[in-house]
Amino acid sequence: AAAPPAEEGGGRRRRREPTELASGAAGVRAWHLGVGSFARPKASALVLLRTPAAAGTARRVVLSSLAAELLDDTLGTALAAAPDAGAGWSVGVHPGGLVFQASGYSQRVQGLALELPKALASLELDEERFSLHRELLLKALRNRREERPLWQAQYELSFAMSRPTVHYEHALAFAADDGACSLAALRSHLDELRAAGFVEALVHGNALEGEARTFSEEWAGALG
């Protein structure tokens, strides 16, 4: 086998690992991974709001997906100018909870990232937007039936062997149930997500360890 590439001077490249930082805030774990040398002033902040309420059952998966879509919809208006300022953001559902990310020029990333938990804490739900996103989710789940059966089986098996998973048919059955998949159910579920209280954050790029620690604690505090 070929030898691994070497740095100038004959040394081998060393894989850099994030440093876990001590935090004085309960329910917060923070990591920092610097650039190691001067580079473009860019950074990213990745936060996992860890909670079992986000996944594991069809109800949790569907309601978490709807909550993430409605939050994304709200942020799309509130943070519409972010790309023009050299920053971007995303919200998603993970088997371990809700995932939030902000990236771009380092002087803007942390401020942008802190807008995400604030938006989650103050998210207002209304029947019209809920109905729209529920219908879009139902359409996406129904489209899964049209995909190739072999591909579906391989996809489901690969996930089932590596992590807890919910079959799309079960998700579709819940999402199509008017009594179960309701605005009231989503409001209740959103309260569960907000109450998670455990935050794991990684700040990578042009940021100091102290900034990463402070950011992680402020992010948790912004949930209220």
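Among contacts in the chain (heavy atoms within 4.5 Å) between residues at least 6 apart in sequence, 73% join residues at least 24 apart. The model is predicted: local features need pLDDT of at least 70, side-chain atom pairs count only at pLDDT 80 or more, and totals for chains, interfaces and linings use all residues. Residues are numbered from 1 along each chain as its sequence is written, and side-chain values use heavy atoms, with hydrogens and water left out.

**Overall composition**

The secondary structure comprises seven helices and six strands; these are DSSP runs numbered from the N terminus, helices being H or I with at least four residues and strands E with at least two. Along the sequence they follow the pattern β-β-β-α-β-β-α-α-α-α-α-β-α. Of the 224 residues in the chain, 37% are buried, where buried means under 20% relative accessible area, exposed over 50%, and partly exposed in between (1.4 Å probe, protein chains only). The chain exposes about 12700 Å², and carbon and sulfur atoms supply 53% of this area. Accessible areas come from the Shrake-Rupley method with a 1.4 Å probe; for residues, only the protein chains shown count as cover.

**The sheet**

Strands of a sheet pair through backbone hydrogen bonds, either parallel or antiparallel. Here, six strands form an open sheet in the order β1-β2-β6-β3-β5-β4, with mixed pairing; two strands pair if DSSP finds at least two bridges between them. Because β1 (19-21) and β4 (87-94) stand at the edges with a single partner strand each, one side of each has no neighbour in the sheet. From one strand to the next, the twist averages 15°; axes are lines fitted to C-alpha atoms, for helices over the stretch in contact, and angles run from 0 to 180 degrees between N-to-C directions.

Strand β2 is mostly covered, with six of its seven residues buried. β1 and β2 form a hairpin with six residues between them, and glycine 27 in the turn has a positive phi of about 75°. The pairings of β2 are set out below.

| Strands | Direction | Bridges | Example of partners |
|---|---|---|---|
| β1 and β2 | antiparallel | three | glutamate 20 and tryptophan 31 |
| β2 (residues 28-34) and β6 (residues 199-205) | parallel | seven | alanine 30 and alanine 201 |

Tryptophan 31 also stands opposite leucine 202 in β6.

**The core**

A nonpolar core is a set of buried Ala, Val, Leu, Ile, Met, Phe, Trp, Tyr and Cys residues joined through side-chain atoms within 4.5 Å. The largest has 56 residues, and Phe100, Phe215 and Trp219 have the most contacts inside it. Helix α1 gives the most to this core, with nine residues. Leaving out residues up to four places away in sequence, phenylalanine 100 touches residues including Leu46, Leu71, Leu116 and Trp219.

**Two helix residues**

Serine 64 lies in helix α1 (residues 58-78) and counts as buried because its relative accessibility is 0%. The side chain of serine 64 reaches the backbone oxygen of arginine 60 at 2.7 Å. Apart from neighbours within four places in sequence, serine 64 is in contact with Ala53, Ala54, Val93, His189 and Leu193.

Lysine 139 belongs to helix α3 (residues 127-144). This lysine counts as exposed because its relative accessibility is 53%. The C-alpha atoms of lysine 139 and leucine 172 are separated by 9.3 Å, although these residues are 33 residues apart along the chain.

Note on methods. Polar contact = N/O pair within 3.5 Å; in protein donor to acceptor, adjacent residues only side chain to side chain.
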